[in-house]
Every structure is written in C-alpha cells, then in structure tokens.
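Hi,

Here is the structure I promised to pass on.

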Amino acid sequence: MAVYEKIFAAISAAVLVLLLIAVGYAAIGLGINLPSHREVIPVKPGQNLASAVLETPPFNTPGLRQIAKNKYEAVVIASAWSFLPSEFDLPAGAEVTFRVTSADVTHGFFIPGTRVNTMVIPGQISVITYRFDKPGTYLLICHEYCGLLHHTMAGKVVVK
Ligand SMILES: [Cu+2]
C-alpha cells in the first residue's frame, strides 16, 4: 500500500467516524428527531383507521385551543381532500404545536415561509411547533400527492 493510499484511507475513516458522532450528538445530545412517529393512533381489530382517528383523543375534538399564555395547540385531521379545521386565527407571537394525523392516505402539512413542513402518515401523529411572530395570512397546503383533488387541499393561518 502506497503512503498516499494509507493517508486517504485514514482520512476517509476519520470523516465517517466524525459524521457518525455528529449524527449521534444531534439525535441524542440535542434531541433532534423527525417530527413524526412519536405517537400512533391505536386501531382495534376490525376497526378502520378513520373511525379510530375520530375516537382517539385529542382527535375526537379537532381544533385550535389555548393551553397557556401565547401557547396554543392545534389538533388537525388531514383526509382527502381537506384539513379539519382548515383555518387558524392566532395573535402575533403565538407559539403553536400542531398535532396532525391522517384518516386515510399520506398527506403533507406545509406552511410556506415557516419551518412547518411535515408528512402526515396514516395512523401516526406528526407533531411540530412554530412561533408566528409576523402578522399576516399564511397558506397551509398539502404537499404530498394524495389523489385527484390534492391541489385543492389547503387552509390558512391568520396571524393578527
Ligand atoms: Cu395532497
């Protein structure tokens, strides 16, 4: 083995080890995870997913609620081809935790101009928190193709 090959092999191994340490630190040390698959919808044998979603708290009462000063929780059901609810009125500076699930197929939950961007997978609960500091009307769209009327699946967040 030539000396350059040994150097190259050592650098390659070092980069791999550094990347694994960085991924491990981000996941365990900083707690950065994908915004999904932390909670699931329990489906009883013989039950379909849509009825399980409607029976499982908090999805049995979807909507926006205030949980503390400037803190809100939005419980949202995505199904072809709408979000329930599809409109959210918030004061500027509100921190919202979106808790979203799908009652049928895979959908998306995306608010352009923010970092609210997650897949919504049937049977799983996607959780994402964002603070709306700037007043305005934000578009909410499904950005995972979910069928014929996918392009109509939208909502809005109105921040005043
Ligand atoms: Cu869609």
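For what comes next, count two residues as in contact if their C-beta atoms, placed from the backbone, lie within 7 Å. On that basis, residues 24 or more positions apart account for 56% of the contacts in the protein chain with a separation of 6 or more. Do keep in mind that this is a predicted model.

The overall layout: the protein chain has 2 helices and 11 strands, and from the N terminus the order is α-β-α-β-β-β-β-β-β-β-β-β-β. The radius of gyration of the protein chain is 20 Å, well over the 15 Å that the globule rule gives for 160 residues, so the chain is more spread out than a compact globule. Its C-alpha trace spans about 65 × 45 × 30 Å along the principal axes. The chain is divided into domain 1 (1-33) and domain 2 (39-159), and the C-alpha centres of domain 1 and domain 2 are 37 Å apart. Of the 160 residues in the chain, 21% are buried.

Now the inside. In soluble globular proteins, nonpolar side chains tend to be buried together. Here the largest nonpolar core holds 24 residues, and Val76 and Ala78 have the most contacts inside it. Strand 3 (71-79), strand 5 (87-90) and strand 6 (94-102) each give two or more residues to this core.

Which residues does Val76 contact, leaving aside its neighbours within four places in sequence? They are Pro62, Phe83, Leu84, Pro85, Phe98 and Val100.

Pro85 sits in the loop between strand 4 (82-84) and strand 5. Pro85 has 14, so it is partly exposed. Not counting residues up to four places away in sequence, Pro85 touches Pro62, Gly63, Leu64 and Val76.

Last, the strand pairing. Strand 5 and strand 11 (residues 154-159) run parallel and are joined by 4 bridges, with Leu90 standing opposite Val159 in strand 11. Strand 11 also pairs with strand 10 (residues 136-141), this time in the antiparallel sense over 6 bridges. There, Gly136 stands opposite Val159.

Cheers

Methods:
Residues are numbered from 1 along each chain as its sequence is written. This is a predicted model: local features need pLDDT of at least 70, side-chain atom pairs count only at pLDDT 80 or more; totals for chains, interfaces and linings use all residues. The radius of gyration is taken over C-alpha atoms; the globule rule is 2.2 Å times the number of residues to the power 0.38. A residue is buried if 20 or more other C-beta atoms lie within 10 Å of its own, exposed if 12 or fewer, and partly exposed in between; C-beta atoms are placed from the backbone. Domain bounds come from an automatic or database domain assignment. A nonpolar core is a set of buried Ala, Val, Leu, Ile, Met, Phe, Trp, Tyr and Cys residues joined through C-beta atoms within 7 Å. Two strands pair if DSSP finds at least two bridges between them.
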